[in-house]
Amino acid sequence: MKDYELFTKDTKAFIYGGQTAAVQRMLDFDFMCRKDEPSVVAMITPERSGFELFFWGTREIRIPRITSITQATSRYPTADVMINFASQRSAYDLTMEALNSDSIRTVIVIAEGVPERQERILAATAKEKAKWIIGPATVGGVKAGAFKIGNAAGTMQNIREAKLYRPGSVGFVSVSGGLSNEAYNIIARNTDGLNEGVAIGGDAFPGSTLLDHLLRYEKNPDIKMLVCLGELGGTAEYDIANAVKDGRLTKPLVMWVTGTCAKVLPGQVQFGHAGAKAKAAIETADAKNDALRKAGITVPDSFDDYHEKIKQTYTKLCDEEIITPAEDFTPPNIPVNYKQATAEGLVRKRTNFISTICDESGEVHNYCGVPIDEVIEKNYGIGGVIGLLWFKKDIPVYARQFMEMVLQIIADHGPAVSGAHNTIVAARAGKDLISSLVSGLLTIGPRFGGAVNGAAEHFLYGFRNKLASRDFVSQMKAKNVRIQGIGHRLHTVENPDKRVELMKDFARSHFEKTDLLDYALSVEQVTSQKKNNLILNVDGCIGVLFVDLLRELKFTDTEIDEMIDAGLFNALFVLGRSIGFMGHYFDQRRLQTSLYRHPLDDILYDVPSRPEKVG
Ligand code: ACO
Ligand code: LMR
């Protein structure tokens with residue numbers, strides 16, 4: 001790299017700080033310039049190592065996160081630029097560390113508020129080491145077609161309009177980053193474009209001055225004309241006037257010092273930048289513009305004519321064949337991020353998921369349209385929430401109460417039932433809550449707890465086909481099908497299940513009709529005559545009452561059949577009994593019970609002395 005170059009197409013840089021947006025903008029610029037690989041080789045982030053995902057065009061790439069400058073420079077010795085996004089509290093130490101490294105030659109210091117004493121030390125250190133600092137308090141700059149510093153040059157649209165994806169003939173330097181972006185556009189509209197642009201930052205003691213960069217451009221044969229924007233405050237512009245007078249600067253220079261409006265404002269005005277205050281007459285914009293004119297520099301009468309002077313200077317250089325206008329090309333398109341494109345209505349795609357019961361995409365999530373806070377304020381209760389999330393209906397209070405009653409009475413039925421037994425055995429085997437719960441839940445099926453669905457199906461079959469209960473029982477027997485919802489190991493006609501009594505009472509006092517319950521009870525009359533434990537059990541009762549309720553809520557037979565197909569009727573048992581299974585798990589944990597092993601005296605060993613030989 002030549003001594004007047006800071007950045008080329010091969011520049012590799014570190015980003016100090018987690019500035020992922022700035023990194024993506026740099027990668028997009030690299031891609032637009034048709035470079036083969038990203039200019040950012042690593043982010044230096046002390047808080048964590050690893051990597052960060054970015055886009056390179058439309059594909060994703062990983063950029064490493066490294067936790068220190070030392071590790072970064074040793075892993076990437078060819079990276080000679082560091083863009084330091086650290087705050088003013090640590091900017092000095094980190095910049096000094098980078099300057100003291102063997103490989104980092106240029107440091108861009110973004111932070112504002114770096115103490116002046118530290119700024120002066122940094123500038124002196126950089127000069128002493130023949131290294132470069134741009135900033136502090138800068139947005140950076142851009143080497144057209146080669147390298148962009150962080151967020152410099154604005155949006156990709158601005159970069160495209162300013163033709164920064166390819167080098168032109170103009171070298172530009174200013175104090176302000178914002179005005180730089182504006183100037184890049186002015187230059188693109190009035191010349192063949194920027195070759196390199198730098199914003200030195202608005203502090204009183206920048207790491208490199210306007211003249212430092214103009215002198216670099218003077219040596220660069222690709223740069224044919226110079227454009228500069230100064231600012232009131234300080235005396236840096238007089239150095240430029242002197243450099244023109246003593247011949248250090250010979251290339252045509254168009255320059256304007258901003259802040260001429262200060263004269264119409266009362267007193268000494270402090271503009272945005274720390275250094276932008278004229279403490280004496282010579283530091284005013286007018287005084288500086290006059291001095292620059294006297295040195296033979298092209299200075300417009302106002303900023304309004306700035307573009308005219310640039311255009312005239314450029315045109316003259318073209319006429320003199322000093323400039324051969326750069327050829328343009330259409331740069332690759334930079335894809336818009338999907339989220340942004342969606343927000344702007346530029347893209348659409350099929351979704352992979354559909355939810356019609358709950359929407360959490362807004363500020364407050366809602367159940368079937370009812371915001372969660374309203375669910376609480378209006379006391380929907382667990383029954384009401386089931387109505388919203390299972391049936392997508394705002395069901396009446398009695399329906400909510402029915403379901404909440406079922407959940408309460410079905411919550412548990414002691415440790416002896418097969419599901420609870422399995423949860424307990426799993427807990428005693430040291431399994432965790434979820435594994436023990438699942439062990440119990442997996443027991444639920446056609447004989448235990450999972451007959452609610454089947455009961456609804458079987459009794460609806462008999463009811464819809466207007467089968468007399470005796471004929472229905474005979475048909476099922478003939479098909480060797482056990483009627484789901486009939487039979488119990490513990491309860492009989494003489495020892496009725498209190499839970500069934502409670503549900504029947506509730507239904508009779510709250511439901512308009514209980515047609516399917518009545519049909520099931522007529523079946524019970526038949527089956528219990530054969531054996532007194534073939535009663536309508538709790539599963540059966542839930543099943544038939546659920547159907548009675550849904551019919552009352554105007555659900556169609558088709559909708560009810562669809563629920564049966566989905567196994568929805570078993571859901572109440574699963575939901576309710578999970579409370580009991582978890583209770584048994586916690587009980588065993590509290591008791592610190594040991595591994596369960598079934599007692600041998602409770603097992604009939606009927607094993608042959610030898611297996612029968614076959615084959
Ligand atoms: N429909 C028709 N006949 C039945 C039914 C039934 N639901 N249940 C038992 N029988 C008959 C059997 O076919 C058998 O007849 P057989 O002597 O002519 O062979 C006789 O009754 C005894 O059968 P067992 O299985 O010994 O009866 P048991 O008392 O053990 O069965 C059980 C209880 C498992 C609940 C059984 O009644 C059944 O499978 N019912 C259907 C499934 C069901 O509703 N389960 C939910 C139970 S409640 C709950 O888990 C919360
Ligand atoms: C239960 O609710 O688990 C019972 O009705 C089943 C059983 O076997 O007791």
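Reply: Let us start with the site of ligand 1, which sits in the largest pocket. Please keep in mind throughout that this is a predicted model.

Me: Which residues come nearest to ligand 1?

Reply: To read such a shell, one asks which residues have a heavy atom within 4 Å of the molecule. Around ligand 1 there are 22 residues, of which Arg 447, Arg 482, Ile 483, Arg 489 and Asn 533 come nearest. Sorted by class, this shell has eight nonpolar, seven polar and seven charged residues.

Me: What polar contacts does ligand 1 make, among them one with a backbone atom?

Reply: Here one looks for pairs of N or O atoms within 3.5 Å. A polar backbone atom of Ile 486 is 2.8 Å from a nitrogen atom of ligand 1, whereas for Lys 530 a polar side-chain atom lies 3.1 Å from an oxygen atom of the ligand. The side chain of Asn 537 also contributes, with an N or O atom 2.8 Å from an oxygen atom of ligand 1. As for burial, ligand 1 taken alone exposes 910 Å², and the protein buries 75% of that.

Me: Which residues are around ligand 2, and how is its shell made up by class?

Reply: The residues around ligand 2 are His 413, Val 417, Phe 448, His 488, Arg 499 and Arg 577, and by class they comprise two nonpolar, two polar and two charged residues. The space that ligand 2 takes is the largest pocket, and ligand 1 likewise sits in the largest pocket.

Me: Where do polar side-chain atoms approach oxygen atoms of ligand 2?

Reply: A polar side-chain atom of His 413 lies 2.8 Å from an oxygen atom of ligand 2. For His 488 the corresponding distance is 2.6 Å, and for Arg 577 a polar side-chain atom is also placed 2.6 Å from a ligand oxygen. Taken alone, ligand 2 exposes 260 Å², of which the protein buries 82%.

Me: How should I read the order of strands in a sheet, and what is the order in the open sheet of three strands?

Reply: The order tells you which strands are neighbours, and here it is S14-S15-S16, with antiparallel pairing. Strand S14 (358-359) and strand S16 (370-371) stand at the edges with a single partner strand each, so one side of each has no neighbour in the sheet. S14 is joined to strand S15 (residues 366-367) by two bridges, and Cys 358 stands opposite Tyr 367 in S15.

Me: What is the pairing in the open sheet of six strands?

Reply: The pairing is mixed, and the strands follow the order S9-S8-S11-S10-S12-S13. At its edges are strand S9 (147-148) and strand S13 (253-258), each of which pairs on one side only. Strand S12 (residues 225-231) pairs with S13 in the parallel sense over six bridges, and Gly 230 has Val 257 in S13 as its bridge partner.

Me: Which backbone angles deserve a second look?

Reply: Most residues other than glycine have a negative phi, and most peptide bonds are trans. In this model the peptide bond from Gly 135 to Pro 136 is cis, with omega near 5 degrees, and Pro 136 lies in the loop between strand S7 (132-134) and strand S8 (141-143). Glu 321, although not a glycine, has a positive phi of about 60 degrees; Glu 321 is placed in the loop between helix H10 (306-319) and helix H11 (338-343).

Notes: Residues numbered from 1 in each chain as written. Chains lettered and ligands numbered in written order. Predicted model: local features only at pLDDT ≥ 70, side-chain atom pairs only at ≥ 80, totals over all residues. Heavy atoms only, no water. Polar contact = N/O pair within 3.5 Å; in protein donor to acceptor, adjacent residues only side chain to side chain. Areas by Shrake-Rupley, 256 points an atom, 1.4 Å probe, with all protein chains shown as cover. 1 Å grid on protein atoms, 1.4 Å probe; cavity = no way out; pocket = protein on both sides within 12 Å on 5 of 7 lines; lining within 4 Å. Sits in = over half its atoms within 2 Å of the grid points. Nonpolar A, V, L, I, M, F, W, Y, C, P; charged D, E, K, R; others polar. Pairing = 2+ DSSP bridges. Helix = DSSP H or I, 4+ residues; strand = E, 2+ residues; numbered from the N terminus.
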